[in-house]
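Please look over the notes below alongside the sequence and the coordinates.

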Amino acid sequence: MNKITRHYSQTLYLFVIYGLFILILLGIFFTYTYSHYRENTLEDSKRSLENLCASINNSVEIQLDDLSTLSMNIVYSNMIKTNFREFSDSYSKADKDEAEIVSSRQKAEVIHDIVTAMIGAYQSASEIKLYAMDGSYVESGYWMSTSNVELESLSWYDEVMELNGYKYISKPKTRKDLPATGKNRNTQKFISLIRLFLNRDGAPEGIAEVVQDCGKIFDLASQLEDSNPDIQVCVYNSRMELVYPYSVFDMYRCASYKSLLEENKIPDGGSRMLKNKDGEHMLVTLKTIDAYNWNVVLLQPESSIYQPLKAFQKMFIRISCLSIVFTLLICFYISRRFTIPLQKLTAATKKITIDRVLDEKKVNLTSADSAIKELSILCESVRNMYDKLRSTSREVLLLRNEETRAKLQATQSLINPHFLYNSLTNISAMAEEDMNEDIVKICDALCVHFRYISASGEMIVPMGKELEKSRAYLECMQLRFTEELEYTFDIAEDVKEVPVPKLIAQPVLENAFKYAFICRPPWKLSVTARLEGGHWRLMIEDNVGTMTDMKKKELLELYENLDLNQELKSMKIGGMGLKNVYLRLKLLYGEDAVFQIKNQEGVHTRFILGGNIHPKKGISLPGSEVLD
């Protein structure tokens, strides 16, 4: 009897062997990785929560420091104290005449103006009140008013008097008469920093109250809660009163955590996993503001911390299914092993493009990984050709870069002696007018300015730095011409870090003093910098307008027809001011260079310079590292 032999397909055989092997490995991998990932997730959450807590701590401390500094400035301001003393004397009189009423009103307005200047445009405080010891007060800030109040009826009066000049910070109070920001718009909570100020004899003279919007003090905390809904922020003052958050529900939650914090001592800046009265585990982080003894507390539920692990479990199931499918694909590997090397080699040759050759990050081609001798030789030949092409292209680009650098250095180097000659001429004129003190000042300013213009390593600088040095140059000139010269700078914030050629503005400014300011003063210069799309624009305008239409047309036609190479061979120091600017713009930006002149005779002359935010493609200029 013949023995029956069972035949198994190679596909089924490979499926069973590789499938069991991969599933065992996945089980071991999952068990180890899950426990390791759980520990790391908790540690990462602790570090993240501690960093966020420290950030909020610093933000709140800065806001409180600003309030404290503002109150100290008010308390120690002799002008405020003098006007407030005179206001109080006039206002408190029972039988004051009309002149005393007007005088007290004027003193209150002076105090309001000074306080408004101290608060500034960024509203470092919402309101400031100055109380006299008789109850009369001046309110400044969002409102300006004067009135009387019974000081003893104020909730903070006794504590402030006991502190005798030290700051007292109240708990948040609702103020419907003041505007609020952020989440505080609904609740309109405000915190006051109050301190007593004394006269020269040490007797109480008045009380200064600085009121600030809680929305500004706890702005970062509100932003954090918006971006991290699972995190609860609670802030307690030195008396363990809750000062943040504002909503009734959140206040109730934070109040319930107060006893939890008192029962479990958490180290400053540290974190602990605690269980609340509802049995929920919470990761709690505490940070103390030492200067005010405030506590910032962040809480995150354990369930939200380990939420990513659920995604990990789902991912493991998917990987298991994909792994089983992958074992089936292995069966087809052998039949395709001869065609894959050819496909790889074809794909590699398609990648040999000019962009890849010039890209420093894409160094090597994909290897064919073939055991066939002929294919290996062919692949190696293609790789050698690719390497030689890369090296040759980089040499060509390097030569081009060096040529551009040499031309820019040559044109920039002419500005230094040109400016020196003009400066010496100004000093000579000031010496003839016996302006000795101004000569000393201008010499000191020139030393600083020449350190900038003589630094040969920088050819590209930020717009802000270039115009800062141009301002220093105009300050030197103002020492020469005093009130006859006025100048303004209007520089947009987004253009200050844009790279521009060094000393691009100075020749145009010098041109104004040489040709424009030949008539009677006053002379005015305005410098404006803007970012328009992907280009920067620098506008320099005088108020004289001595340039005629014919002269403008002559200059523009001359510069447009320049041969850069010939001009660079015949450069000289004299007469190279505006031409030097034009040459360097053309060298660096090519067709993107902007050099325009707009004039109205007898009214103004305006020079407009500009270029692309990025220099010509393929040129990497020395000195640009200052922008990194």
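1. With which residue does E86 form a salt bridge? The partner is K107, and the closest N and O atoms lie 2.8 Å apart, a salt bridge being a side-chain nitrogen of Lys or Arg within 4 Å of a carboxyl oxygen of Asp or Glu. The pair links distant parts of the chain, since E86 sits in helix α2 and K107 in helix α3, 21 residues apart; helices are DSSP runs of H or I with at least four residues, and strands are runs of E with at least two, numbered from the N terminus.

2. The model is predicted, so local features need pLDDT of at least 70 and side-chain atom pairs count only at pLDDT 80 or more, while totals for chains, interfaces and linings use all residues. Residues are numbered from 1 along each chain as its sequence is written, and side-chain values use heavy atoms, with hydrogens and water left out.

3. E225 is buried at 10% relative accessible area, whereas D226 counts as exposed at 53% (buried is under 20%, exposed over 50%, partly exposed in between, with a 1.4 Å probe and protein chains only).

4. S271, in strand β10, is buried at 13%, and its side chain makes polar contacts with those of E50 at 3.0 Å and T285 at 2.6 Å. A polar contact is a pair of N or O atoms within 3.5 Å; within protein, one must be able to donate a hydrogen and the other to accept it, and residues adjacent in sequence count only if both atoms are side-chain atoms.
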